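Morning, everyone. Please look at the sequence and the model on the screen, and I will walk you through them.

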Amino acid sequence: AQPLKLWFAPHTNHAASLPNGLGGMWWWPWFIAWGGFSFDAGIVPFLFMRHLRFLSFPAAFSFNIMNKLMFNIGIFPYAMLGSLTLFVEPCLFARLCRALRRGRPSAALEPVEHYTPPRWHPWFMVLHRSHTNLARHQPSAGVCA
């Protein structure tokens, strides 16, 4: 919490801008540091849950934007924003490409037929795109809703 102690030192702009003298409290930098760590560690399970992704994705996006605006900590917020794309459904990109091709945004909401997402090979973690093996491992592949 050393950088935060310097930023929230008494008689600094950061400390003076907080209400009720929070910036001058000894525990405030520790609260901010551990709160950021807890958010970073806790948001990943929520990003993995499909039914909560609509809440966790904007929360992670705004958290990283606020880190960049408030603390200016270099490239880390940009790297974390880039890593958020790992949690996007592969169908989203197929839908966006189709909507751009057709020229109407409503096409992005229609299900993508005949789209089979890539599958990871179970032993060597090699991206496996063979359609014959995918049909054997994924019997329900077909429509990406």
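A quick term to begin: helices (H or I, at least four residues) and strands (E, at least two) are DSSP runs, numbered from the N terminus. By that rule, the protein has 7 helices and 4 strands. Read from the N terminus, the elements go α-α-α-α-α-α-β-β-β-α-β.

Now the ground rules. This is a predicted model: local features need pLDDT of at least 70, side-chain atom pairs count only at pLDDT 80 or more, and totals for chains, interfaces and linings use all residues. Residues are numbered from 1 along each chain as its sequence is written, and side-chain values use heavy atoms, with hydrogens and water left out.

Let's take the whole protein. How much of it is buried? Of its 145 residues, 23% count as buried. Buried means under 20% relative accessible area, exposed means over 50%, and partly exposed is in between (1.4 Å probe, protein chains only). The accessible surface comes to about 10,700 Å². Carbon and sulfur atoms hold 70% of that surface. Those areas come from the Shrake-Rupley method with a 1.4 Å probe; for residues, only the protein chains shown count as cover.

Next, contacts, meaning heavy atoms within 4.5 Å. Take the contacts between residues at least 6 apart in sequence: 40% of them join residues at least 24 apart.

On to the surface. Which residues form a nonpolar patch there? They are Met 25, Trp 26, Trp 27, Trp 30, Phe 31, Trp 34 and Phe 37. Together they have about 870 Å² of accessible area. A patch is made of residues with over 30% relative accessible area and no salt bridge; like charges are joined within 9 Å, and nonpolar side chains (Val, Leu, Ile, Met, Phe, Trp, Tyr) within 5 Å.

Stay with the rings. Rings of Phe, Tyr and Trp (its six-membered ring) pair if their centres lie within 6.5 Å; planes under 30 degrees apart count as stacked, over 60 as edge-to-face, and the rest as tilted. The structure holds 6 aromatic pairs. One of them is Trp 27 with Trp 28, edge-to-face, 5.9 Å centre to centre, with 70° between the planes. Trp 27 is partly exposed at 34% relative accessible area, whereas Trp 28 is buried at 12%. Another edge-to-face pair is Trp 34 with Phe 37, at 5.5 Å centre to centre and 90° between the planes. Why are these two about one helical turn apart? Because they sit 3 residues apart in helix H3. That helix covers residues 28-48. Both Trp 34 and Phe 37 are exposed. Ring pairs also link Trp 27, Trp 28 and Phe 31 into a cluster.

Move along to helix H4, residues 53-71. Ser 56 lies in H4. Is Ser 56 buried or exposed? Buried, at 3% relative accessibility. Leaving aside neighbours within four places in sequence, Ser 56 contacts Ile 43, Phe 46 and Leu 47.

Not counting residues up to four places away in sequence, Asn 64 touches Pro 77, Met 80 and Leu 81.

Last topic: charges. A salt bridge is a side-chain nitrogen of Lys or Arg within 4 Å of a carboxyl oxygen of Asp or Glu. How many does the structure hold? It holds 2.

In one, the side chains of Arg 50 and Glu 89 meet at 2.8 Å, N to O. Arg 50 lies in the loop between H3 and H4, and Glu 89 in the loop between helix H5 (76-83) and helix H6 (90-102), so the pair ties together parts 39 residues apart in sequence. Arg 50 is exposed at 63%, while Glu 89 is partly exposed at 28%.

In the other, Arg 53 meets Glu 89 at 2.9 Å, N to O. Arg 53 lies in helix H4 and Glu 89 in the H5 to H6 loop, so this pair ties together parts 36 residues apart in sequence. Arg 53 is buried, at 16% relative accessible area. Shared partners join Arg 50, Arg 53 and Glu 89 into one salt-bridge network.
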